[in-house]
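Subject: Structure handover

Hello,

Here is the structure you will be working with. My notes on what was found in it follow below.

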Amino acid sequence: MSMKQKFVAALSAVAFISVTAVGSVGAAEEAKAPANGYKYPSIEKTSADAPKQHKMSPEFQAQVKKLPPEFIQQFKKMTAKHTRYSEDATARQVMMELLSDVQCVTAGLMVENGEMAADCAVRASRHRWPKGHLLAYVKLEQINADSLAALPKINGTVEGGLERVAEMALAKNFPGAGAEMGKVLEGCSNCHNLFRFGKGDSPYIVD
Ligand code: HEC
């Protein structure tokens, strides 16, 4: 092959590669696909778009069945903005995410970085669902309309509050956002007071 022929061959190879690259739709996505063969629902979204159906214990099912339909409707409406469903994370793990995001909000507010605070506040407000939904992690005797009636108010204080914090932080109203953040934290601890049990006590300490 003469130098000229080699040059032409190289050029057409480049042309061929660029044509196939442009022509194949989704090549960029393929390039970003994880090498382990696991298919994520999308590159940005690591949790699924729909909840995985788990087999729940008969006691749990019986308890949930007793909830009035109006309550279920209200609950679904209240939680509609949560559209990420983890297939692995437990409630404690999701709560740790919440804690981490909330700490990020307070750090952002303290250094007057409104964008940082707002990003983390919105992320916290729209946290993912743990495996099997949050109800799977509360005591059976608390799965009833009376106990759960506390949730809409708590939800408004915590998740609604975080959205208000985001707005105020973006408007550079840092004292206002800080005050609202205080109410959010009150909501976290109110819910823990009602629904959190088992604080990881050691079984080895007998006295
Ligand atoms: C809807 C009720 C509810 C709200 C609101 C709530 N939590 Fe929780 N949280 C729980 C429950 C229930 C547990 C216990 C879960 C378990 O042990 O399986 C828990 C556990 C935790 C834990 C784990 C503690 C441990 O001992 O492992 C952290 C951290 C946490 N929550 C942080 C937060 C933060 C921060 C907020 C507010 C931004 C918040 N939670 C709001 C219900 C709530």
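The shell around the ligand divides into 15 nonpolar, four polar and three charged residues (Ala, Val, Leu, Ile, Met, Phe, Trp, Tyr, Cys and Pro count as nonpolar, Asp, Glu, Lys and Arg as charged, and the others, Gly among them, as polar). In total 22 residues surround the ligand, and the closest are Met-95, Tyr-137, Cys-188, Cys-191 and Arg-196; a residue is near a molecule if its C-beta atom, placed from the backbone, lies within 6 Å of it. Two or more residues of the shell come from each of H5, helix H8 (151-170) and helix H9 (174-195). H5 gives the largest share, seven residues. Helices here are DSSP runs (H or I, at least four residues), numbered from the N terminus.

This is a predicted model, in which local features need pLDDT of at least 70, side-chain atom pairs count only at pLDDT 80 or more, and totals for chains, interfaces and linings use all residues. Residues are numbered from 1 along each chain as its sequence is written.

On confidence: the protein chain averages a pLDDT of 84, and 79% of the residues score at least 70 (pLDDT is the predictor's confidence in each residue, from 0 to 100). Over residues 1-27 the pLDDT is below 50, and this stretch has two contacts in the model beyond near neighbours in sequence. Two residues are in contact if their C-beta atoms, placed from the backbone, lie within 7 Å. Where pLDDT is low, the predicted coordinates should not be read in detail.

Next, the helix packing. Helix H5 (residues 91-110) and helix H6 (residues 114-125) pack at about 155°, with their axes 8 Å apart. Axes are lines fitted to C-alpha atoms, for helices over the stretch in contact, and angles run from 0 to 180 degrees between N-to-C directions. H5 and H6 are therefore roughly antiparallel (angles over 145 degrees). The contact is made by Leu-98, Asp-101, Val-102, Cys-104, Val-105, Gly-108 and Leu-109 of H5 and by Met-116, Ala-117, Cys-120, Ala-121, Arg-123 and Ala-124 of H6. By class, the residues of this contact are 10 nonpolar, one polar and two charged.

H5 also packs against H9, at an angle of about 155° with the axes 10 Å apart, which makes H5 roughly antiparallel to H9. On the H5 side Val-105, Thr-106 and Leu-109 meet Phe-174, Ala-177, Gly-178 and Met-181 of H9. That contact has five nonpolar, two polar and no charged residues.

For H6 and H8 the angle is about 165° and the axes are 8 Å apart, so H6 is roughly antiparallel to H8. H6 contributes Gly-114, Ala-117, Ala-118, Ala-121, Val-122, Ala-124 and Ser-125, and H8 contributes Glu-159, Leu-162, Glu-163, Val-165, Ala-166, Ala-169 and Leu-170. The residues of the contact of H6 with H8 divide into 10 nonpolar, two polar and two charged.

Regards

Methods. Parallel < 35°, antiparallel > 145°, perpendicular 65-115°, else oblique.
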